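Dear colleague,

I am passing on the structure we spoke about, with the sequence alongside it. Please keep it open while you read the notes that follow.

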Amino acid sequence: MLSMGLDIGGTKTEAVILDTTGKALITQRISTVKTDYRAFLTSLVDFIQTLRNDYMDPVSIGLCLPGTEDAGTRLIKNSNIVVLNQQPLIRDLERALQQSVAWDNDANCFTLSESIDGAGAQADIVFGAILGTGCGGGLSMKKTLWRGRNGNAGEWGHNPLPHYDAQRDGAAVKCYCGQLNCTESFISGTGLARQFNQRNQYPVDAQGVFTHIAQGDPTAKSLFRLFRDQLARSFASVINIYDPEIIVVGGGLSRVPAIFNELTDEVSQYIFNTSCSTPIVPAMHGDSSGVRGAAWLGRDMHRAALTGNRTLF
């Protein structure tokens, strides 16, 4: 069986079809239609049908989806593609395509991809961390996502920043989720830029911060040392709770090699055991991890349906 994954973003929707070995048979993108829900649904269904009609083998389907589905109503909520909110997207797709559709958020799809055939393929317990505009996370055990009782496993970005100190970390900041000093407010790209702009009269984004670092700006260099320490504290908290065999990092900040240099050593000073051996590495599949994870998600749902084992989904 072939596995189709779709990564639905605010600007583009990317699709991949993988064979049983993980080889990509086709990768294709279309613009995400956001004018209204029916137009979005029609565009997505046509895209999927066009791709799968090119193959004789059956094709499982999985989505990497912004937002989540309310367990009771099966309506989408908290999506940045606003036309999806309060709509029965998964149910409508299954009806139109006449097959089951698996779905999850970007962090979980990323984690699944890297645990199956990515940087964490040799590990049983993988923590996936996305450091981009926000700060997401997921947990995989034996190449299966562990979502937890409340579906919150891996959501490290909305725990308070460990060992927060106003003199060191700056004034308290309220997260969009309503809580104070969420980890995401500090160690995401947005958080890095926010902290720099509090110290600098010319506002920049995260990329601009690294430009200042490359130019030898002492304020930017000092902030980056603080950022690394905040990141070490946050990873130490993950290790104290989950103690994964490997931490795989994706998102825009994962492309900055200096973030990883001796990071495990910095984490050591904050974990319960004073010695840390956990590898913290960039993702193998990079920006493709989300769409590949969605494909594996669909494959796993199909296998679970065949065996009658639906406890994982």
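Aspartate 104, if its neighbours within four places in sequence are left aside, is in contact with Leu63, Cys64, Leu65, Cys109, Leu145, Arg147 and Leu297. The model is a predicted one, and what I say below should be read with that in mind. Aspartate 104 lies in strand β7, which covers residues 102-104, and it counts as buried because its relative accessibility is 6%, where the cut-off for buried is under 20%. Its side chain takes part in a polar contact of 2.9 Å with the side chain of asparagine 108, and a polar contact of 2.7 Å joins the side chain of aspartate 104 to that of arginine 147.

The domain assignment of the protein chain gives domain 1 as 2-105 + 287-307 and domain 2 as 119-283, and the centres of the two domains, taken over C-alpha atoms, are separated by 29 Å. Six residues of domain 1 are in contact with six residues of domain 2, and the area buried between the two domains is about 320 Å², with carbon and sulfur atoms giving 25% of that area. Of the area that domain 1 buries against domain 2, 65% is supplied by Asp104, Asp287 and Leu297, which is more than any other three residues supply.

As for the polar side of this interface, the rule finds two salt bridges across it, and the count of residue pairs in polar contact between domain 1 and domain 2, both at pLDDT 80 or more, is two. Helix α10, residues 289-307, contributes three residues to the side of domain 1 that touches domain 2, the largest share of that side, and the residues of the side as a whole divide into one nonpolar, two polar and three charged. In a salt bridge of 3.1 Å, N to O, the side chain of arginine 255 meets that of aspartate 287.

A separate point concerns helix α6, residues 189-199, in which Gly189, Gly191, Leu192, Ala193, Arg194, Gln195 and Phe196 are buried.

With best wishes

Key. Residues are numbered from 1 along each chain as its sequence is written. This is a predicted model: local features need pLDDT of at least 70, side-chain atom pairs count only at pLDDT 80 or more; totals for chains, interfaces and linings use all residues. Side-chain values use heavy atoms; hydrogens and water are left out. Domain bounds come from an automatic or database domain assignment. Contact means heavy atoms within 4.5 Å. Buried area is the accessible area (1.4 Å probe) that two parts lose on being put together, summed over both. A salt bridge is a side-chain nitrogen of Lys or Arg within 4 Å of a carboxyl oxygen of Asp or Glu. A polar contact is a pair of N or O atoms within 3.5 Å; within protein, one must be able to donate a hydrogen and the other to accept it, and residues adjacent in sequence count only if both atoms are side-chain atoms. Helices (H or I, at least four residues) and strands (E, at least two) are DSSP runs, numbered from the N terminus. Ala, Val, Leu, Ile, Met, Phe, Trp, Tyr, Cys and Pro count as nonpolar, Asp, Glu, Lys and Arg as charged, and the others, Gly among them, as polar. Buried means under 20% relative accessible area, exposed over 50%, partly exposed in between (1.4 Å probe, protein chains only).
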